Amino acid sequence: MGIILAVAGSAVGLGNFLRFPVQAAQNGGGAFMIPYLAALLLLGIPVCWVEWTMGRSAGSHKHGSGPGILNVFWKHRLSRYLGCLGVFIPLVIYAYYVYIESWCLGYAFFSLTGRLGEAAQAGEMKSFLSGYQGLAGNAWFSGIWLAYLFFLATFAANFYFIYRGVTKGIEALNNIALPILIILGVIIMARVLFLGTPDPAKPDQNVINGMGFMWNPDFSKLTDAKVWLAAAGQIFFTLSVGLGSIITYASYLRKDDDVALSGITAVSMNEFVEVILGGSIAITGAFIFFGADGAQQIAHGGSFNLGFVTMPMVFEKMPLSALFSFLWFLLLFLAGVTSSISMLQPGIAFLEDEFGLTRHKSVTILGAVTFLMAQPAILFIDKGVLDLMDFWGGTFCVVLFATVEVIIFGWIFGVDKGFEELHNGADIRAPKIFKFIIKYVTPTYLLAILGYWMYQDGLDNLLLRKVSPESFPYALATMIGMGVFMLGLVIATEFAFTDKRQAAKHVGSKT
Amino acid sequence: MTIGGWITLVFTWSFIIALAVYCARKVLILRQAEAEHIKPIYEIDTGDRDNDSRKKE
């Protein structure tokens, strides 16, 4: 049973309770669920197996990050460059994720002090959140400094754990804390489902209609490429596949460790928490308190806002509201810590394996880089910088990297060899249909999404045409910054591999 | 909530619960030695306690 709890604990993160509801609400509720389910079956599960398998296999060649791993399977310079996405993506996500994580710590603190309860009682949670983010001065906040303080504490804690090598201790704590979070999630879900119609003046804002907002399929939205891209991005984000994290962790496995059952068990536990708990709590709650338009408006206000606005209002309808609120945000914070630490692992493996740096040096370099990268996301959140990083880092590049991985695995390495590798030490047999899916369906699906999205929205997004004039300079600087960072990784990779080739030649000529 | 909504909900929940139960059952019936090969992602040893690069057998 311990192993199930540990897998479930590993699978839970902020994506389940905070990002998923926003993605679903932003993309039309029920309209989102059909692409989401399709993405789970045809993208999430196959790419999960591909990553676990590629990572474990490349680990025996002493490569643990995107550039090295892809190069094991495809001996072409381009594989290393594309593999840089496996380092770029988790670091970009980390830069804003750690800030969202710090909100959880802040909200846990304000639950204890009672400040959060005051806003929840008055239904002024939107104002509380924007005050906390430093977007507006109000009765609770006069600037961003408290949020920044919690960010510094969270950032320092992350790097302390990883620098001191105590992440195993955190994970042991999480093996207890996260199952409690899941149990708490079940209790809160039950409370939401029994909220009925809290405001008799708004009889339409009830539980059944809230569930309808989440589940009623809207087929007209299925022609919108952005919805399909968002669904694929959410599946990859929540399962941590296409990010570079799983492939890196798998590279530390032994050859006879199972990857087939480990991978699918992690997927199943994650989906249980995300769809059944995450989907029932925040979206239904948001609909009940704010209506369909209000929920969508909050969702469009920021990629992670919905849970922070809705949850305190749900807690206010529960006995011991401050205690539940404190526990919820603290446990969510702990879930966030393990997830954010895992996002640093690809960068650490990149510096350790390709440059031969010690762990301490690698962690120090990453600390400096990610601290700088986090600043625009924090300070210019009102200019949409965080959302832009989330879209390009957390959605587009993730889908792109997954496409590259699955094509290399299915077509260059060969799906038959890949399937054989997947089943080394496996405790289950993956259904044979997945050979066909991995080779044909998944790459076609991913290329179709990317192509269709490029046709429909790509140019507008690349040229920032939908960005308001006052946000444009910030958005442009963010795009350039991300481009420069990616280019830097490509150049660094080229240097690392050139050095290795020369060293190998040198050794060869001596012998 | 429309009929379509209920169908989507029931189908999705059933699929996810069935998958979770299937996986949990598969893990729980493993013998001790086999179960040691199942790795929750964060329990994989990345060598973070050693200030040294990758250790491999």
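This is a predicted model: local features need pLDDT of at least 70, side-chain atom pairs count only at pLDDT 80 or more; totals for chains, interfaces and linings use all residues.
**Entry 1. Confidence**

I then took the chains one at a time. Chain A has a mean pLDDT of 88, and 96% of its residues score at least 70. Chain B has a mean pLDDT of 80, with 82% of its residues at 70 or more. Within chain A I looked up where confidence is lowest and where it is highest. The lowest mean, 69, belongs to helix H1 (residues 2-11) of chain A, and the highest, 95, to helix H6 (residues 85-113) of chain A.

I looked up the make-up of chain B and found 2 helices and 0 strands. Chain B has 57 residues, of which 28% count as buried.

**Entry 2. The largest nonpolar core**

The largest nonpolar core has 188 residues. Which residues touch the most other members of this core? I listed Tyr96(A), Ala232(A), Phe236(A), Ala286(A), Leu332(A), Ala377(A) and Ala402(A). Helix H14 (residues 260-301) of chain A gives the largest share of this core, 21 residues. I noted a general point beside this: in soluble globular proteins, nonpolar side chains tend to be buried together.

I followed up Ala377(A). Leaving out residues up to four places away in sequence, Ala377(A) touches Ala95(A), Tyr96(A), Tyr99(A), Val385(A), Leu386(A) and Met389(A). Tyr96(A), one of these contacts, is also on the list of residues that touch the most other core members.

**Entry 3. An enclosed helix**

I checked helix H11 (residues 207-215) of chain A. Of its 9 residues, 7 are buried, so H11(A) is largely enclosed by the rest of the structure. The buried residues are Val207(A), Gly210(A), Met211(A), Gly212(A), Phe213(A), Met214(A) and Trp215(A).

**Entry 4. H9 and H16 of chain A**

I looked at how helix H9 (residues 145-164) of chain A meets helix H16 (residues 321-355) of chain A. Their axes come within 10 Å and cross at roughly 60°. The crossing of H9(A) and H16(A) is right-handed. Which residues meet where H9(A) and H16(A) are in contact? From H9(A) I wrote down Ala157(A), Asn158(A), Phe161(A) and Ile162(A), and from H16(A) Val337(A), Ser340(A), Ile341(A) and Leu344(A). By class, this contact has 6 nonpolar, 2 polar and no charged residues.

Is Thr154(A) buried or exposed? Thr154(A) counts as buried because it has 23 C-beta neighbours inside 10 Å, where the cut-off is 20 or more. Not counting residues up to four places away in sequence, Thr154(A) touches Val98(A), Glu101(A), Ser102(A) and Leu105(A). I looked up one of these separations: Thr154(A) and Glu101(A) are 53 residues apart in sequence and 7.4 Å apart in space, C-alpha to C-alpha.

**Entry 5. Ser245(A) and Ser240(A)**

Ser245(A) is in helix H13 (residues 245-250) of chain A. It is buried, with 25 other C-beta atoms within 10 Å. Leaving aside neighbours within four places in sequence, Ser245(A) is in contact with Pro90(A), Ser240(A), Ser342(A), Met343(A), Gln345(A) and Pro346(A). From C-alpha to C-alpha, Ser245(A) and Ser339(A) are 9.4 Å apart in space and 94 residues apart in sequence.

I went on to Ser240(A), which lies in the loop between helix H12 (225-239) and H13 of chain A. Ser240(A) counts as buried, with 27 C-beta neighbours inside 10 Å. Its phi is near 60°, a positive value in a residue other than glycine.

**Entry 6. Lys62(A)**

Phi of Lys62(A) is also a positive value in a residue other than glycine, near 60°. Lys62(A) is in the loop between helix H3 (30-59) and helix H4 (66-73) of chain A. With 15 C-beta neighbours inside 10 Å, Lys62(A) counts as partly exposed.

How values were computed: Residues are numbered from 1 along each chain as its sequence is written. Chains are lettered from A and ligands numbered from 1 in the order in which they are written. pLDDT is the predictor's confidence in each residue, from 0 to 100. A nonpolar core is a set of buried Ala, Val, Leu, Ile, Met, Phe, Trp, Tyr and Cys residues joined through C-beta atoms within 7 Å. A residue is buried if 20 or more other C-beta atoms lie within 10 Å of its own, exposed if 12 or fewer, and partly exposed in between; C-beta atoms are placed from the backbone. Helices (H or I, at least four residues) and strands (E, at least two) are DSSP runs, numbered from the N terminus. Two residues are in contact if their C-beta atoms, placed from the backbone, lie within 7 Å. Axes are lines fitted to C-alpha atoms, for helices over the stretch in contact, and angles run from 0 to 180 degrees between N-to-C directions. A crossing is left-handed if the near helix is turned anticlockwise from the far one by less than a right angle, and right-handed if clockwise. Ala, Val, Leu, Ile, Met, Phe, Trp, Tyr, Cys and Pro count as nonpolar, Asp, Glu, Lys and Arg as charged, and the others, Gly among them, as polar.
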